[in-house]
Amino acid sequence: MSELSAQKCEACRADAPKVSDEELAELIKDIPDWVPEIRDGIMQLERVFKFKNFKQALAFTNAVGDMAEEEGHHPGLLTEWGKVTVTWWSHSIKGLHKNDFICAAKTDKVFASL
Ligand SMILES: C[C@H](O)[C@H](O)[C@H]1CNC2=NC(N)=NC(=O)C2=N1
């Protein structure tokens with residue numbers, strides 16, 4: 001288990017700092033399958049998970065949704081036949097907070113547990 005996946009999300013206020021480029025370079029080492037991408041001017045973390053069918057993709061989507069509710073932090077989820085695209089960013093700061101890295105690591109753990 002990576003260190004990140006054992007951590008809990010903290011309340012993220014609008015004035016919380018975004019992760020710096022240096023912090024991003026360190027944090028991404030724990031979640032190497034995630035790709036930082038800028039969309040609509042907002043830095044996000046994205047990973048595509050592959051499945052054998054739609055039912056498994058939907059089950060994963062729901063499991064990630066349950067985890068998100070527990071953490072009080074919510075991803076973008078695009079569920080398609082055989083794949084789910086998960087995107088993490090912090091709406092409140094329009095960018096990446098440590099919470100997003102924690103939740104990406106927890107998403108990897110959900111996938112590994114299926
Ligand atoms: C009021 C509530 O805690 C906030 O709106 C939370 C809910 N989930 C969230 N999820 C994400 N990804 N970013 C947020 O800023 C965020 N804010």
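The following legends describe close-up views of a predicted model.

**Figure 1. Packing of helices H2 and H3 in the predicted model.**
Helix H2 covers residues 54-71 and helix H3 covers residues 98-113. The two helices pack with their axes 10 Å apart and at an angle of about 140 degrees. H2 and H3 are therefore oblique to each other. The crossing in which H2 passes H3 is right-handed.

**Figure 2. Ala57 within helix H2.**
Ala57 belongs to helix H2. Its relative accessibility is 0%, so Ala57 counts as buried. Met67 stands ten residues from Ala57 in sequence, and the C-alpha atoms of Ala57 and Met67 are 16 Å apart in space.

Trp81 is placed in the loop that runs between strand S3 (76-80) and strand S4 (83-88). With a relative accessible area of 62%, Trp81 is exposed, because residues over 50% are counted in that class.

**Figure 3. The salt bridge between Asp33 and Arg47.**
The closest N and O atoms of Asp33 and Arg47 are 3.7 Å apart, and the two residues form a salt bridge. Asp33 lies in the loop between helix H1 (21-27) and strand S1 (35-39), whereas Arg47 lies in strand S2 (residues 42-50), so the pair ties together parts that are 14 residues apart in sequence. The two partners fall into separate accessibility classes: Asp33 counts as partly exposed at 47% relative accessibility, while Arg47 counts as buried at 15%.

**Figure 4. The salt bridge between Asp108 and Arg47.**
Asp108 lies in helix H3 and Arg47 in strand S2, so the pair ties together parts that are 61 residues apart in sequence. Both Asp108 and Arg47 are buried.

**Figure 5. Further salt bridges, including the pair Lys29 and Glu26.**
Lys29 and Glu26 form a salt bridge in which the closest N and O atoms are 2.8 Å apart. Both Lys29 and Glu26 are exposed. Elsewhere, a network of salt bridges links Lys8, Glu71 and Lys106. The count of salt bridges comes to eight.

**Figure 6. Asp40, a residue with a positive phi.**
Asp40 is not a glycine, yet its phi has a positive value, near 50 degrees. The residue lies in the loop between S1 and S2. Asp40 counts as exposed, with a relative accessibility of 74%.

**Figure 7. Lys94 and Gly95 in the loop between S4 and H3.**
Lys94 is found in the loop between S4 and H3. Although Lys94 is not a glycine, it has a positive phi of about 50 degrees. Lys94 counts as exposed, at 56% relative accessibility. Gly95 has its place in the loop between S4 and H3 as well. Gly95 is buried, with a relative accessible area of 2%, because the buried class takes in residues under 20%. From Gly95 to Arg39 the distance in space is 10.0 Å, C-alpha to C-alpha, and these two residues are 56 residues apart in sequence.

**Figure 8. Thr85 in strand S4.**
Thr85 is a residue of strand S4. With a relative accessible area of 12%, Thr85 is buried. Asp21 is 64 residues from Thr85 along the chain, and the C-alpha atoms of Thr85 and Asp21 are separated by 24 Å.

Key
Residues are numbered from 1 along each chain as its sequence is written. This is a predicted model: local features need pLDDT of at least 70, side-chain atom pairs count only at pLDDT 80 or more; totals for chains, interfaces and linings use all residues. Side-chain values use heavy atoms; hydrogens and water are left out. Helices (H or I, at least four residues) and strands (E, at least two) are DSSP runs, numbered from the N terminus. Buried means under 20% relative accessible area, exposed over 50%, partly exposed in between (1.4 Å probe, protein chains only). Axes are lines fitted to C-alpha atoms, for helices over the stretch in contact, and angles run from 0 to 180 degrees between N-to-C directions. Angles under 35 degrees count as roughly parallel, over 145 as roughly antiparallel, 65 to 115 as roughly perpendicular and the rest as oblique. A crossing is left-handed if the near helix is turned anticlockwise from the far one by less than a right angle, and right-handed if clockwise. A salt bridge is a side-chain nitrogen of Lys or Arg within 4 Å of a carboxyl oxygen of Asp or Glu.
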